[in-house]
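I opened the notebook to look up how charged side chains pair up in this structure. My entries follow in the order I made them.

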Amino acid sequence: MATTPRSASTERVGLVRKGQGFWKTLLLSARRKPLGTAGAVILLLVVASAVFAPYITPHDPNAITTARLRPPSAEHWLGTDHLGRDVFARVIYGGRISLLVGFLSTILGTGAGAVLALISAYWGGVWDNGVQRFMDILWAFPSLIIALVIVTVLGSSTRNVILAIAIVVVPLAARVVRSQVLIVKEMEYVKAAQALGASTWRILFFHVAPNCVAPYIIVATATLGGAIVTEASLSFLGMGIPPPTPSWGRDLFGTAANYAELAPWIPIAPGVALSLAVYGFNLLGDAVRDLLDPRLRGR
Amino acid sequence: MRAFLIRRLLLGILTVYGVATLTFILMRIVPGDPALIALADPSRGEAVPKAQLEAKRRELGLDKPLAQQYITWLANSIRFNFGKSSWGGGDVVDEYLRRLPLSLNMAILAFIMTVLVGIPLGILSAIKQDTPLDYIARIIAISGLSMPSFWVAILIIVVLLRVFSWLPSLDYVPFWENPLRNLTQLFFPSFAVAFGFIGVVTRMTRSSLLEVLREDYIRTAWSKGLRERTIILRHALRNALLPVITVLGLQFGFAIGGLVVVEAAFNLPGAGRFLFEATLRRDYNVIQASLFAIALFVTLANLLVDVLYAWLNPRVRLE
């Protein structure tokens with residue numbers, strides 16, 4: 001605490017303070033949340049390498065060459081696989097599909113869950129009960145199995161994988177947002193709005209919804225890691241992203257037993273990338289939760 | 001207590017029924033004619049004689065109205081009749097039951113590992129809060145959450161092959177026939193399934209114990225001069241384990257997903273791989289039977305947790 005002013009370290013309300021420089025604030029929050037910062041740094045690396053993949057590696061991830069099973073070298077940083085494709089290129093291009101599927105399915109699924117919960121919890125009654133029972137059924141079931149069956153039925157394509165994971169995510173967000181709506185709708189400002197004759201939609205979207213944003217963000221960030229794992233698991237089972245798109249999960253299937261002795265970099269590289277990304281999302285999710293939910297601080 | 005159990009039981013039956021209905025709907029959304037799929041691989045575009053197709057449709061009951069199909073499907077699933085596998089042609093339930101012991105065996109082993117490692121690690125992490133030991137336990141816990149079970153399985157396979165040039169055998173030996181062979185075969189796959197749950201249980205035990213340790217009655221116990229051991233194990237843990245039990249029950253469903261990927265990774269002939277192969281072959285009877293079985297297992301596990309919870313927690317029991 002040598003470089004930070006004393007007053008800043010005792011301030012507990014938020015991380016940003018008026019009059020403080022951007023970098024100072026950043027440094028301060030990094031000190032206070034070392035694990036969350038580590039998560040953010042890891043994610044920044046994963047996202048940057050996925051976005052700028054063509055500038056990082058000259059290799060085409062799908063180019064089949066005769067340089068098969070080469071060990072890591074200056075030319076191929078993580079070696080090549082059984083088809084002579086550059087493993088490093090496949091790993092960083094693989095991040096693209098993982099992040100795309102993770103973000104899209106999380107936004108779609110948690111968004112649908114939140115809207116559903118918002119409307120059904122506010123109105124209550126039979127409709128709410130029906131939605132709840134349906135969520136219970138979805139919730140009681142292993143999410144990977146539901147996603148697997150949905151993709152089997154719809155056929156495996158990137159769009160269907162996103163859809164399947166989104167469906168699996170719905171009950172999570174619905175449950176969290178619902179309990180918040182039940183609290184908020186009894187608040188005096190909602191009663192006041194009702195007394196003033198505001199329309200139901202106005203109350204829902206201008207008074208109730210903004211007060212459910214914090215738990216929603218917590219559940220959405222916590223979901224991201226899980227969504228990426230589900231995509232990787234589906235691809236690993238051969239029901240996810242169809243080839244030849246590089247995908248961490250697919251590149252892991254069947255490579256362990258075949259290349260463990262001959263070329264261990266083939267199964268290890270995508271797995272490390274996958275765990276790192278999920279690790280980053282989990283750390284960030286924890287930090288966001290601590291930040292937005294003061295009751296859980298310090299646990 | 002009895003009313004509570006009856007309500008839970010009814011809710012469980014409703015869940016299984018709901019899953020059965022959803023499966024029925026899902027299987028009717030499937031693009032393409034099931035009779036055609038049963039007779040020929042549609043991707044190859046083989047022509048099937050019309051009479052043969054009609055016969056197959058009658059055999060599968062597809063010529064009946066949808067409502068009647070639904071009732072037949074429900075009646076059949078209650079009697080555990082799921083027809084024949086479209087691959088192999090064996091009775092689905094027989095085939096399933098043949099593969100189930102391996103998966104159950106793995107699930108039980110994984111559960112034992114989770115409890116034996118996760119709870120002590122969580123306790124240690126809580127009573128040594130903010131020491132290096134706590135950080136190590138937390139890092140283990142969060143890596144458990146970040147490493148999907150199939151990736152743990154792959155790491156184990158790579159290490160086993162490189163160090164011992166050995167992999168677990170592929171045919172199942174029941175525990176009561178040869179305990180040692182059974183354990184050498186299933187120890188590593190079960191650990192791959194358990195690893196993530198160890199993380200969950202460690203985190204839950206830690207946070208719940210930390211919370212309980214701040215309670216007044218714990219301060220009373222300290223001021224009575226009791227030993228730390230007694231306070232933690234007899235006073236605090238009893239209350240701290242309640243949410244852990246709930247989490248264990250909730251995680252049971254996720255463990256089934258873990259079984260599917262780990263069995264696929266290790267090539268083990270269990271019920272999980274049966275479902276995985278069925279999805280690859282679009283063997284819908286097998287998928288339906290598996291979903292029904294999973295719904296039954298998850299519901300039973302949740303019921304068991306509810307009963308256990310009520311038994312352990314007088315507040316629930318006496319309500």
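**Entry 1: a pair across the chain.** I began with B:Asp306, which forms a salt bridge with B:Arg8, their closest N and O atoms being 3.1 Å apart. The pair links distant parts of chain B: B:Asp306 sits in helix H12 (residues 284–312), B:Arg8 in helix H1 (residues 2–29), 298 residues apart. I noted the rule: a salt bridge is a side-chain nitrogen of Lys or Arg within 4 Å of a carboxyl oxygen of Asp or Glu. Helices are DSSP runs (H or I) of at least four residues and strands are runs (E) of at least two, numbered from the N terminus.

Are these two residues buried or exposed? B:Asp306 is buried, at a relative accessible area of 18%. B:Arg8 is partly exposed, at 27%. The cut-offs are under 20% relative accessible area for buried and over 50% for exposed, with partly exposed in between (1.4 Å probe, protein chains only).

**Entry 2: what I am looking at.** This is a predicted model, where local features need pLDDT of at least 70, side-chain atom pairs count only at pLDDT 80 or more, and totals for chains, interfaces and linings use all residues. Residues are numbered from 1 along each chain as its sequence is written, chains are lettered from A and ligands numbered from 1 in the order in which they are written, and side-chain values use heavy atoms, leaving out hydrogens and water.

**Entry 3: pairs within one helix.** I turned to helix H5 (residues 92–127) of chain B, which holds both B:Arg98 and B:Glu95. They are 3 residues apart, about one turn of the helix. Their side chains meet in a salt bridge of 3.6 Å, N to O. B:Arg98 is exposed, with a relative accessible area of 58%. A network of salt bridges links B:Glu95, B:Arg98 and B:Arg99.

Next I checked helix H9 (residues 216–223) of chain B, where B:Arg219 and B:Asp216 also lie 3 residues apart, about one turn of the helix. Their salt bridge has its closest N and O atoms 3.6 Å apart. B:Arg219 is exposed at 54% relative accessibility, and B:Asp216 is exposed at 53%.

**Entry 4: between the chains.** How many salt bridges are there between chain A and chain B? I found 1. B:Arg203 forms a salt bridge with A:Asp286, with 3.1 Å between the closest N and O atoms. Over all chains the count comes to 12 salt bridges.

The contact takes 44 residues from chain A and 51 from chain B, where contact means heavy atoms within 4.5 Å. The two chains bury about 4,100 Å² between them, 76% of it on carbon and sulfur atoms. Buried area is the accessible area (1.4 Å probe) that two parts lose on being put together, summed over both.

**Entry 5: chain B as a whole.** I listed 13 helices and 0 strands in chain B. Its C-alpha atoms fill a box of roughly 85 × 55 × 35 Å, taken along the principal axes. Buried residues make up 47% of its 319 residues. I also looked at contacts in chain B with a separation of 6 or more: residues 24 or more positions apart account for 71% of them.
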